[in-house]
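Please read it beside the sequence and the coordinates.

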Amino acid sequence: MAVVVGRQALHVKKGDLVEVIHGKHRGKRGKVLRVLTKHGRILVEGVNLVKRHTRPNQKLPQGGIVEKEAAVYGAKVMLVCPSCGKPTRLGHAIQDDGTRVRVCRRCGSALDKK
Ligand SMILES: [Zn+2]
């Protein structure tokens with residue numbers, strides 16, 4: 001696996017809906033929970049679940065096996081456009097007020113709400 005040095009800008013943000021396009025979780029969709037720019041990885045809700053054997057703690061007085069999301073490579077997911085509902089590549093556009101937005105390359109709609 002490639003070693004990434006330094007922070008990496010990713011195409012996705014927390015809260016985005018993404019679809020996994022590679023690996024054993026291909027086709028799964030979920031919301032981005034966290035972006036780990038340092039590692040070029042992201043946490044996606046319901047994707048790449050691992051079982052953690054947890055000791056009893058305050059949150060979980062019983063302890064036991066907990067399913068948790070593990071990070072996946074950012075390059076292995078594609079953003080799902082909320083307008084056309086398909087995985088898409090991103091473009092950028094400058095709006096009238098000068099702010100930059102991410103746009104869907106398929107349907108051209110802006111992906112960042114204000
Ligand atoms: Zn679209």
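In this predicted model, Arg-41 has Tyr-73 of strand β6 standing opposite. The strands β3 and β6 run antiparallel and are joined by two bridges. On its other pairing, Arg-41 of β3 stands opposite Leu-36.

- Strand β2 covers residues 29–36 and strand β3 covers residues 41–44; four bridges pair them in the antiparallel sense.
- Besides the pair of Leu-36 and Arg-41, Val-35 stands opposite Ile-42 of β3.
- Four residues separate the two strands of this hairpin, and in the turn Gly-40 has a positive phi of about 65°.

**Arg-34 in strand β2**

- Arg-34 is part of strand β2.
- Is Arg-34 partly exposed or buried? Its relative accessibility is 49%, so Arg-34 counts as partly exposed.
- With neighbours within four places in sequence left aside, the contacts of Arg-34 are Ile-42 and Leu-43.
- Arg-34 and Gly-15 are 19 residues apart along the chain, and 8.2 Å separates their C-alpha atoms.

- The loop between β3 and β4 (49–54) holds Asn-48.
- Asn-48 is not a glycine, yet its phi is positive, at about 60°.
- The relative accessible area of Asn-48 is 16%, so this residue is buried, the cut-off for buried being under 20%.

**The six-stranded sheet**

- In what order do the strands of the open sheet lie? The order of the six strands is β6-β3-β2-β1-β7-β8, and the pairing is antiparallel.
- At the edges stand β6 (72–73) and β8, each with a single partner strand, so one side of each has no neighbour in the sheet.
- For β6, the pairing is the one with β3, over two bridges.

- Strand β1 (residues 17–20) pairs with strand β7 (residues 77–80) in the antiparallel sense, over three bridges.
- Within that pairing, Glu-19 has Met-78 of β7 as its bridge partner.
- Strand β7 also pairs with strand β8 (residues 87–88), again in the antiparallel sense, over two bridges.
- The bridge partner of Leu-79 in β8 is Thr-88.
- The hairpin of β7 and β8 has six residues between its strands, and Gly-85 there takes a positive phi near 70°.

- Why does Thr-88 count as buried? Its relative accessible area is 3%, so Thr-88 falls under the cut-off.
- Which residues is Thr-88 in contact with, leaving aside its neighbours within four places in sequence? They are Met-78, Leu-79, Cys-81, Cys-104, Arg-105 and Arg-106.

**The chain as a whole**

- The protein chain has ten strands and zero helices.
- Along the sequence, the pattern reads β-β-β-β-β-β-β-β-β-β.
- The radius of gyration is 17 Å, well over the 13 Å that the globule rule gives for 114 residues, so the chain is more spread out than a compact globule.
- The C-alpha trace spans about 55 × 30 × 30 Å along its principal axes.
- Of the contacts between residues at least 6 apart in sequence, 39% join residues at least 24 apart.

**Surface and charge**

- Buried residues make up 31% of the 114 residues of the protein chain.
- The protein chain exposes about 8100 Å², of which carbon and sulfur atoms supply 51%.
- How many positive and negative side chains does the protein chain have? There are 25 positive and 8 negative side chains.
- The centres of these two sets of side chains lie 8 Å apart.

Methods: Residues numbered from 1 in each chain as written. Predicted model: local features only at pLDDT ≥ 70, side-chain atom pairs only at ≥ 80, totals over all residues. Heavy atoms only, no water. Rg over C-alpha atoms; globule rule 2.2 N^0.38 Å. Buried < 20%, exposed > 50% of the residue type's maximum accessible area, 1.4 Å probe, protein only. Contact = heavy atoms within 4.5 Å. Areas by Shrake-Rupley, 256 points an atom, 1.4 Å probe, with all protein chains shown as cover. Lys, Arg positive; Asp, Glu negative; His and termini not counted. Charge placed at Lys NZ, Arg CZ, Asp CG, Glu CD. Pairing = 2+ DSSP bridges.
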